[in-house]
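Student: I am new to this structure. Can we go through it in short questions and answers?

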Amino acid sequence: MSPCVCIECGAPNRQLYKKFEGGTIQLSQCECCKAVSDKYVEYDEVVLLLDAILLRVQAYRHLIFNHCLSTWLLTVFAVVLLFCEAYAKLRASVLHSADSILVQVHFHTLLFQSSIEFLIAVGATYCIAMCTVTTPRVSASDIFKTLVISSFGKLSSVSALIWNEDFYPWISMATVLPAQTQACRAVLNIGLLGAMMLVATQNGLVMMSSHVLNRSRVALLELWYELFM
C-alpha cells in the first residue's frame, strides 16, 4: 500500500509536500493528474471536518489515506457509534420494563448485535470490493476506517430520539448512506453508481443478518428471563 495518494484522482504519490528549513512547506503536484496532491495538508481540521460533512470525496480520501488517525482514537469512535446504535435500538424496541436489570441485559444484547452487524458490514464491503474492484491498495483496515468515518451521522441522528423514535431510522439513513457512498468512492476510486450499488448491497446483507440476529437475541432474552427472573 502506498503511504499517500492524490485526493483528486486517487493515484499513489511518493510525497504530499516538501519541507524546507524554517518549517515552510511546498505542496507536491500529482504525477498523474498534475493537480495539488493534497490541499488539506495546509488546511485547518475544522475545514476538513466541514468538507467531510458536505460529502466531498477529497476530504474522505485525505482522512482514509493521508491523515494520521491513531488506531486508539478510531476504535474509541467506533465504540461510541456502536453505543449510539444500541441505544437507538433500545428506545425503538417494544420492551418497556421497570426492571433495570432486564433493561441492562437487553441493552447489552443489542450492543453485541450492533457489533456483529458492523463486522458483517466491514466483511461484506471488503469481499464485494475484492470481487468487483481492481485496486491494489485496499485492505480490511481501510474498509474498517472507511465505515467508521462515514458513520459519523449516527451521532447527530441520535438527537432525533429526544423528539420521536420514528425519526431515527430515516435521519440515520439520510446521513450515513450518502457518507458511506462518498467514502467508498474515495477508498476504492470508483464511480458514483458503483459506490451506490456497493453500499446498497452491503446494507441489504446487514439487514438480512439483522433479522436473524434479532430472532436469536429474543430467544436468548426469553431463556434468560425464564432462568433468572
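Tutor: A pocket here is found on a 1 Å grid over the protein atoms alone: an open set of points with protein on both sides within 12 Å along at least five of seven lines, whose lining residues have an atom within 4 Å of a point. The model is predicted, so local features need pLDDT of at least 70 and side-chain atom pairs pLDDT 80 or more, while totals for chains, interfaces and linings use all residues. Residues are numbered from 1 along each chain as its sequence is written, and side-chain values use heavy atoms, with hydrogens and water left out.

Student: Which residues lie nearest the centre of the second largest pocket?

Tutor: The lining of this second largest pocket has 13 residues. By class it holds 11 nonpolar, one polar and one charged; Ala, Val, Leu, Ile, Met, Phe, Trp, Tyr, Cys and Pro count as nonpolar, Asp, Glu, Lys and Arg as charged, and the others, Gly among them, as polar. Nearest the centre are L49, L63, L69, F77 and I149.

Student: Which helix gives the largest share of the lining of the second largest pocket?

Tutor: Helices are DSSP runs of H or I with at least four residues, numbered from the N terminus. Both α1 (45–53) and α3 (71–92) supply at least two residues of this lining. The largest share, five residues, comes from α1.

Student: Is F118 buried or exposed?

Tutor: Buried means under 20% relative accessible area, exposed over 50%, and partly exposed in between, with a 1.4 Å probe and protein chains only. The relative accessibility of F118 is 18%, so F118 counts as buried.

Student: How many residues of α5 are buried?

Tutor: Helix α5 has 10 residues and is mostly covered. Among its buried residues are I143, L147, V148 and I149.

Definitions and conventions:
On a 1 Å grid over the protein atoms alone, a cavity is a set of points where a 1.4 Å probe fits but cannot get out, and a pocket is an open set with protein on both sides within 12 Å along at least five of seven lines; lining residues have an atom within 4 Å of a point.
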